[in-house]
Amino acid sequence: MERRFRTDVQANLYASWHPTEAFGIHWDDHDTVIFQLEGAKRWNLYGATRTDPLRLDVEAPEKPEGPPLAEVVLQAGDMLYVPRGWWHAVAATEGRSLHLTCGLTPATGHHLLVWLAGQLLHSPTLRANVPTVAGPAERTAYAEQLRKEVSEALHPHVVSEFAASLDARDPGRPAPSLPYIGDVPADPGLVLALTTARAALEGTDEAVVLRAAGHEWELHTSVRPALEALVSGARLTFGDLAERSGLTVEQVAALATELVSKDAAAVSQPR
């Protein structure tokens, strides 16, 4: 599921004891999924007044007029999805009420263009000073060259590349690797698992590249079968990893030490 969302998920618990709408009518700049855990809660849903609004935007959405589009009362065990930008007001219906909100933070076109600018830092045009004090001809020439390079970078596969970059930079889930936070011992019974479900693996006939938790490792192709298993979510012993990759247990321990030091994996005892 984490690989499918490609987004940060923020979870908040909200408790209420009275029918007052604590936050009033408001909207969120991300999709939300609400799980009612205890008691009941009334949701008045008004729809959106601006398409895909952002918290930092050129203009704020106008408040909706008239009655809500829907009034939903969630009971314990119910779930509700509220799209980004939908106005809503929430209150407990009677007595104690507790719900869990999961906010799904989207990657927008703005994020893609910021990322793309980072990919173009090799370009002398992008690194050059903008000719703000130059004449019209020089300004036009600079703008045309910049347009050309950005246009070429916006090729048909750029969204796939951006998605892969999001996967590679995902910090993953915090996972303890105690007591193995320094040099991991070469114990064939120890278990290694990646702490992110969105690691990216690619390569050629000569090398395989693992990207996880914002880091990148280039390794010999012999370790690809072991890495494929780890990327798929498997928890493997050092002995199994050594057998799959043709490495020694000592070499596997060295790889584990490197991954743990970058918060990309955790080592544990077998369950």
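**Close-ups of a predicted model**

View 1. Ala 253 sits in helix α8, which covers residues 249-261. Who touches Ala 253, once neighbours within four places in sequence are set aside? The contacts are Val 184, Pro 185, Ala 186 and Phe 238. For a sense of scale, take Ala 141, which is 112 residues from Ala 253 along the chain: the C-alpha atoms of these two are separated by 55 Å.

**View 2. The aromatic pair, Trp 115 and Phe 162.** The structure holds one aromatic pair. Its rings belong to Trp 115 and Phe 162, with centres 5.4 Å apart and planes at 55 degrees, so we call the pair tilted. Trp 115 comes from helix α2 (residues 109-119) and Phe 162 from helix α5 (residues 158-169), so the pair ties together parts that are 47 residues apart in sequence. Are these two residues buried or exposed? Both Trp 115 and Phe 162 are buried.

**View 3. Arg 55 over Trp 27.** Here's a charge meeting a ring: the charged end of Arg 55 sits over the ring of Trp 27. The distance to the ring centre is 4.5 Å.

**View 4. The three-stranded sheet β9-β10-β11.** This open sheet has three strands in the order β9-β10-β11, and their pairing is antiparallel. The edges are taken by β9 (200-203) and β11 (215-219); each has a single partner strand, so one side of each has no neighbour in the sheet. Going from one strand to the next, the twist averages 20 degrees. Zoom in on β10 (residues 208-212) and β11, and you'll find five bridges in the antiparallel sense. Across from Leu 210 stands Trp 217, a residue of β11. As a reminder on how such strands hold on to each other, strands of a sheet pair through backbone hydrogen bonds, either parallel or antiparallel.

**View 5. Strand β6 and its partner β3.** How many of the seven residues of strand β6 are buried? Six of them are, so this strand, residues 86-92, is largely enclosed by the rest of the structure. Strand β3 (residues 40-48) runs antiparallel to β6, and seven bridges join the two. Look for Trp 43 standing opposite Val 90 of β6.

**View 6. Helix α6 and the glycine after it.** Helix α6 spans residues 224-231, and its buried residues include Ala 226, Leu 227 and Ala 229. Leu 230 and Val 231 of α6 are buried too. After α6 comes Gly 233, with a positive phi near 105 degrees.

**View 7. Stepping back to the whole chain.** Along the principal axes, the C-alpha trace spans about 70 × 70 × 30 Å. Of the 271 residues, 37% count as buried. As for contacts between residues at least 6 apart in sequence, 75% join residues at least 24 apart.

Definitions and conventions. Residues numbered from 1 in each chain as written. Predicted model: local features only at pLDDT ≥ 70, side-chain atom pairs only at ≥ 80, totals over all residues. Heavy atoms only, no water. Helix = DSSP H or I, 4+ residues; strand = E, 2+ residues; numbered from the N terminus. Contact = heavy atoms within 4.5 Å. Phe/Tyr/Trp six-rings, centres within 6.5 Å; stacked < 30°, edge-to-face > 60°. Buried < 20%, exposed > 50% of the residue type's maximum accessible area, 1.4 Å probe, protein only. Lys NZ or Arg CZ within 6 Å of the ring centre and 35° of its normal. Pairing = 2+ DSSP bridges. Axes fitted to C-alpha atoms, helices over the stretch in contact; angles between N-to-C directions.
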